[in-house]
Amino acid sequence: MKRLCLLLLCLTMSLSGCTVSDYLDIENRAIVSAIGLDRYGDGVLLAIEIVNTIDDEKQYAKPQIISENGLNVAEAINNISASLSKNLFYSHCGIIALGEGLLPEHIEDMMNFCFNNNEITLLLKIVCAKNAKELLSVEPASMSISAYEIMSILDSRQKNLSIGYKNSFITVQNNRATPGHIFSLPFFSVETIDDKEVCSLSGVKVFEKDEERVLLDRFDGTVYEMLDKKFNSGQVTLKNGEEVQSAYISKNDVKIDFKMENGRLIVRYHLSQKIDRDQNYDFSLDKYEAMLEHLCNILIRKSQLEYECDIFALKEDIRKRDQKLYKEISDNFMELYKNADFKATVDVAKEG
């Protein structure tokens with residue numbers, strides 16, 4: 001049985017790009033499934049979840065969370081390695097969790113570590129939390145490994161709500177390299193329910209130049225994902241004060257137009273949605289449409305005046321679609337953004 005499990009693990013690793021030598025001595029390696037990065041003074045605290053190899057003929061040993069601090073990621077990794085009898089093995093690392101309050105150089109350091117490590121797949125997912133070590137330390141509710149639990153939650157949201165966070169390492173890295181340097185990550189919270197800690201996907205955090213800029217709760221996050229073209233179809237819930245509207249969207253399209261007029265940037269968002277009539281009960285289309293349009297305009301206005309952040313990466317959109325306009329607005333973009341004439345309109349219709 002032990003040999004069969006090892007063979008299956010070897011097959012999985014070979015499909016992920018590992019060589020024969022990588023898995024012949026797998027029992028002598030500490031398999032890293034997740035990495036958490038938190039701020040620690042002027043340095044960092046690095047936590048890793050290690051999946052132990054089979055401890056007997058029937059089961060896997062319980063995963064371990066090991067953490068050490070250091071001035072940078074490399075020093076923290078070295079400090080962790082010094083306390084282990086096995087070499088760290090990263091090919092199965094599926095999650096990087098970023099804690100709150102990290103400096104831009106800490107995030108840059110973590111991203112460079114992943115990019116330069118040949119064992120790490122560039123398709124791993126990046127998430128954020130108030131405390132990364134705490135997130136990885138929560139005992140999984142349905143999976144045996146915290147990293148797999150987090151990936152399962154992300155996968156479930158994408159399948160059920162058709163929201164893709166675009167938070168793979170390679171996508172985040174590409175967004176970091178664009179002129180706007182804007183990227184967003186799913187935010188996980190940890191809370192205690194019935195004396196037991198549980199983690200849940202509770203919002204979206206937007207970063208600019210590796211700095212935390214905006215944390216949106218799950219309601220504002222839904223509106224953000226619609227406007228930012230991350231939502232295709234699925235069940236959504238909107239909230240405005242005490243009023244709540246839920247709907248099953250079969251199709252969500254976003255169109256963005258922009259121009260300069262009399263020295264002012266004019267931007268128009270138009271959301272076009274189709275409602276699945278068979279999956280909506282006690283539903284008012286007019287109320288839903290009015291609420292969504294209102295919330296879209298509120299979020300846009302907040303991005304201008306409260307957040308002062310191009311959370312929708314409009315600058316990058318302009319660069320891709322209109323080089324002439326991009327050159328005109330590039331040097332003074334944020335001032336133009338804060339004073340831009342934004343407006344979002346919503347058109348919702350029942351399918352069929």
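Analyst: Welcome! A helix here is a DSSP run of H or I with at least four residues, and helices are numbered from the N terminus. Keep in mind that this is a predicted model.

User: Thanks! How many cavities of 30 Å³ or more are there?

Analyst: A cavity is a space where a 1.4 Å probe fits but cannot get out. In this model the count is one cavity of 30 Å³ or more. The largest cavity has a volume of about 40 Å³.

User: Which residues line the largest cavity?

Analyst: Its lining is made up of Leu135, Val138, Glu139, Pro140, Ser146, Glu149, Ile150 and Cys199. Helix α6, residues 146-161, gives the largest share of this lining, with three residues. By type, the lining of the largest cavity has five nonpolar residues, one polar residue and two charged residues.

User: Now the pocket. What is the volume of the largest pocket?

Analyst: A pocket, unlike a cavity, is an open set of points. The largest pocket of this model has a volume of about 460 Å³. It is lined by 21 residues, and those closest to its centre are Lys166, Asn175, Asp228, Phe312 and Ala313.

User: Which element supplies the largest share of the lining of the largest pocket?

Analyst: That is α10, with four residues. At least two lining residues of the largest pocket come from each of β7 (182-193), α8 (218-227) and α10. Sorted by type, the lining of this pocket holds eleven nonpolar, three polar and seven charged residues.

User: Let's stay with α10. Which residues in helix α10 are buried?

Analyst: Look along residues 314-321, which form helix α10. Leu314, Lys315, Glu316, Asp317 and Ile318 are buried there.

User: Let's finish with one residue. Why does Ser33 count as buried?

Analyst: A residue is called buried when its relative accessible area is under 20%. Ser33 counts as buried because its relative accessibility is 0%. You will find Ser33 in strand β1, residues 29-40.

User: What joins the side chains of Ser33 and Glu49?

Analyst: They are joined by a polar contact of 2.6 Å. Leaving aside neighbours within four places in sequence, Ser33 is in contact with Glu49 and Val51, with His92, Cys93, Gly94 and Ile95, and with Ile145 and Ala147.

Terms used: Residues numbered from 1 in each chain as written. Predicted model: local features only at pLDDT ≥ 70, side-chain atom pairs only at ≥ 80, totals over all residues. Heavy atoms only, no water. 1 Å grid on protein atoms, 1.4 Å probe; cavity = no way out; pocket = protein on both sides within 12 Å on 5 of 7 lines; lining within 4 Å. Points joined across faces, edges and corners; volume = space filled by probe spheres on them. Nonpolar A, V, L, I, M, F, W, Y, C, P; charged D, E, K, R; others polar. Buried < 20%, exposed > 50% of the residue type's maximum accessible area, 1.4 Å probe, protein only. Polar contact = N/O pair within 3.5 Å; in protein donor to acceptor, adjacent residues only side chain to side chain. Contact = heavy atoms within 4.5 Å.
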